[in-house]
Amino acid sequence: MTMQAPFRLRLDTLEIPVSNLDRSRNWYASVFDLTPTWSDDLHCQLSSKNDLGLRFLLVAAGCEDRLAFQNVATGVVHSFADLEVDDLEGFHASLRAKGITVPDLRDPEYDWAPKGFALQDPDGNRFGIFSLKSD
């Protein structure tokens, strides 16, 4: 019997439900410095301009469900995706300069959590933005 090499898997695209495609396209392009690469009346794909490999597919959705969830044991609201940034304070400041609503930076409440903040898109889909670099 021949051993098969392990399959290589990687995350390619995060698909995100949105209520207003134009508003969300502008928000994601501004916040994450993405370029729209494909769209139709119900979808818009945005990709990073650099080699980060960040790609989102915004999908016009009539549902009220948003991408976030609450841990029943701790009460912590978790993001559906966490994005690591090298310069947390700089990224945070750049978002505020663009008029994006972000919470103040605070030290983590839990020992296991890195320093970061929650970022919500216009529909309430929640991202964690963090850095493992110490101050």
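User: What makes H2 lie across E8 and E9, and at what angle does H2 run to E8?

Analyst: This is a predicted model, where local features need pLDDT of at least 70, side-chain atom pairs count only at pLDDT 80 or more, and totals for chains, interfaces and linings use all residues. Residues are numbered from 1 along each chain as its sequence is written, and side-chain values use heavy atoms, with hydrogens and water left out. H2 lies across E8 and E9 and runs at about 25° to E8. Contact means heavy atoms within 4.5 Å; angles run from 0 to 180 degrees between N-to-C directions, with axes fitted to C-alpha atoms, for helices over the stretch in contact. Helices (H or I, at least four residues) and strands (E, at least two) are DSSP runs, numbered from the N terminus.

User: How do you know that E8 and E9 pair?

Analyst: Two strands pair if DSSP finds at least two bridges between them. E8 and E9 are joined by 6 bridges and run antiparallel, so they qualify under that rule. Phe117 stands opposite Ile129 in E9.

User: Why are E7 and E8 at the edges?

Analyst: The open sheet has the order E7-E9-E8, with mixed pairing. E7 and E8 each have a single partner strand, so one side of each is left without a neighbour in the sheet.

User: What does H1 touch on the sheet?

Analyst: H1 packs against E7, E8 and E9, and its direction makes about 160° with that of E8.

User: Which residues does Leu119 touch?

Analyst: Leaving out residues up to four places away in sequence, its partners include Trp27, Phe32, Leu95 and Phe127.
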